[in-house]
Amino acid sequence: MWSPSARFSLLALLGIAVPATIVATLGYISIRQWEASSELLYREQARDMASMAVAKVEMILRREEDAFLDRLQGALDADRRTAEAVAEALARSPLVRRLYLVTRRGELLYPKTWSEGDAGVIAPLIAEATQGKLERGGKREVVAGHRVCLALLVRRGGEPVLAAFIRDPEALRREIFETALGALESPTILAVLDHEGRAVYSRAPIADAQPILSVTFRETLPDWRLAVYQTADAAPRRAVRRQVMLFTGAYGVLLLVIVAGIVATWRLARRETEMARLKSDFVANVSHDLKTPLSVIRMFGETLDMGRMTDEGGRREYYRVITRESERLSRLIDNVLDFSRIESGRQTYRMAATAVEPLIRSTLEAFDYPLVQHGFKVDVQVAPDLPEVWMDADAVGQALANLIDNAIKYSGDERALTVSARVVDGRLAIAVADRGLGIAAHEHARIFEKFYRVGRSDTQGRRGSGVGLALVRHIAEAHGGDVTVDSAPGEGSRFTLRLPLAGRRDG
Ligand code: ADP
């Protein structure tokens with residue numbers, strides 16, 4: 001059912017496609033793994049960076065607040081009036097928006113009054129803190145709330161004072177977050193989220209960005225978080241997807257190339273097989289074609305030799321048959337020899353200005369006998385004013401003979417042959433038309449190929465070598481012209497040989 005070449009192609013396809021698919025699958029799996037591990041690595045790096053950023057923010061914040069408290073401590077210890085010194089310390093600390101100094105009993109030392117309802121927020125904190133760790137450690141330590149920070153300071157006199165201050169959000173953003181995070185080199189976006197999850201600071205707009213992870217601050221900013229976002233196009237998954245697409249595309253192209261290669265090989269192999277078959281047909285056909293005229297010549301020769309033919313008219317007829325058959329034999333041999341010369345590129349043409357009408361008439365003359373014998377109605381239409389044309393007369397005569405030979409060979413019931421010559425569009429057009437079997441349109445291109453015979457012409461029962469039309473085309477092209485066919489099954493054929501009037505002088 002399957003031809004050997006088809007089987008070979010299928011095996012080759014499988015042999016290549018199966019390993020290619022395995023390679024592609026492994027490649028795909030490794031890309032997926034790489035995707036997973038790169039995502040992990042990416043997150044780890046993001047976490048490291050976030051932790052580092054948190055530490056940096058806390059360090060700067062603590063340093064700033066320590067500096068403020070130092071100044072405040074200095075103000076409390078100053079000999080000057082406390083209020084003035086405190087106001088001075090406050091002025092140098094933009095981070096602190098408002099400050100209250102309170103005794104442990106809840107007495108407000110600075111400023112004179114509470115503002116904007118701060119008392120309600122701060123007093124409970126103080127009450128809580130005086131029982132808490134501030135008291136225990138006795139150390140100066142900032143206890144930060146969401147807004148309010150507390151620190152215990154000890155005055156020179158020994159009495160501790162609680163400093164409660166409210167941070168200035170704008171200063172926090174500018175002095176702390178911007179300083180700590182602004183200069184960090186990272187493809188991701190860092191943002192500080194407050195205890196309610198609002199972005200207090202971000203290095204770039206985060207509206208379209210995707211959150212990766214967040215790290216919480218410790219005591220300095222309780223419940224605040226540093227969040228890491230990634231921009232849509234920096235996502236590692238997207239990069240991997242691009243890689244996967246690239247890989248898939250490359251694999252697809254590879255597969256396509258392989259398939260195209262196999263198809264090309266298969267076609268080539270099929271062509272070669274076909275050519276080998278055509279060649280063997282050719283040998284068989286040529287041998288047969290040579291044998292027929294030879295046996296006729298021999299039979300007629302022997303008859304004459306034996307002197308059986310006494311009638312002079314009959315003898316002449318026999319001589320004519322022998323001459324005609326030997327001409328046919330030479331034509332056949334010429335065809336084969338010329339064909340082999342053309343194939344090996346050794347064919348040369350002897351060009352000369354040639355009168356067209358005598359060439360046509362002498363070529364037709366050689367077919368007188370078969371034409372008459374088959375009852376052909378022959379019509380020759382040569383335009384009267386044809387110029388001489390630059391050509392190899394033998395070659396063009398041979399091409400013409402091949403066309404006439406075919407017209408006779410592939411004739412049907414209606415036997416008519418028309419040979420015409422005229423100038424069309426500046427070229428000599430010699431047409432050989434018959435009313436024979438005709439040729440289907442899809443065969444028109446192929447019949448000019450070497451060794452090609454329609455349906456191997458077996459069904460038509462006509463012998464032939466399959467090189468006749470190939471030769472006609474070679475000859476036409478060598479003259480810078482061409483040959484075309486106009487034909488339909490059952491309606492006869494018209495072959496037109498067109499040669500440039502001036503010819504190709506380099507031929
Ligand atoms: P062949 O030796 O078979 O005649 P050709 O190259 O001369 O080889 O022709 C190729 C094929 O074209 C032929 O086998 C025949 O089928 C077809 N053919 C050529 N001339 C004619 C024609 N005048 N009418 C019908 N078929 C033709």
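## Thr 103

Contact here means heavy atoms within 4.5 Å. In this predicted model, Thr 103 touches Leu 109 and Glu 159, leaving aside residues up to four places away in sequence. Thr 103 belongs to strand 1, which covers residues 96-103. With a relative accessible area of 2%, Thr 103 is buried, because the cut-off for that class is under 20%.

Four strands form an open sheet in the order 7-6-9-8, and their pairing is antiparallel. Strand 7 (199-202) and strand 8 (210-216) are at the edges; each has a single partner strand, so one side of each lacks a neighbour in the sheet. On average, neighbouring strands of this sheet are turned by 25° against each other, direction ignored.

Six bridges join strand 8 to strand 9 (residues 225-230) in the antiparallel sense. Gln 210 stands opposite Gln 230 of strand 9. Helix 5 (residues 169-181) packs on the sheet and touches strand 6 (189-193), strand 7 and strand 9. The direction of helix 5 makes about 45° with that of strand 7.

## Helix 7 and helix 11

The axes of helix 7 (residues 312-343) and helix 11 (residues 468-478) come within 10 Å and cross at roughly 55°. The two helices are therefore oblique to each other. The crossing of helix 7 with helix 11 is left-handed.

On the helix 7 side, the contact involves Asn 335, Asp 338, Phe 339, Ile 342 and Glu 343, which meet Ala 470, Leu 471 and His 474 of helix 11. By class, the residues of this contact are four nonpolar, two polar and two charged.

Notes: Residues numbered from 1 in each chain as written. Predicted model: local features only at pLDDT ≥ 70, side-chain atom pairs only at ≥ 80, totals over all residues. Heavy atoms only, no water. Pairing = 2+ DSSP bridges. Axes fitted to C-alpha atoms, helices over the stretch in contact; angles between N-to-C directions. Buried < 20%, exposed > 50% of the residue type's maximum accessible area, 1.4 Å probe, protein only. Parallel < 35°, antiparallel > 145°, perpendicular 65-115°, else oblique. Left-handed = near helix turned anticlockwise from the far one by under 90°. Nonpolar A, V, L, I, M, F, W, Y, C, P; charged D, E, K, R; others polar.
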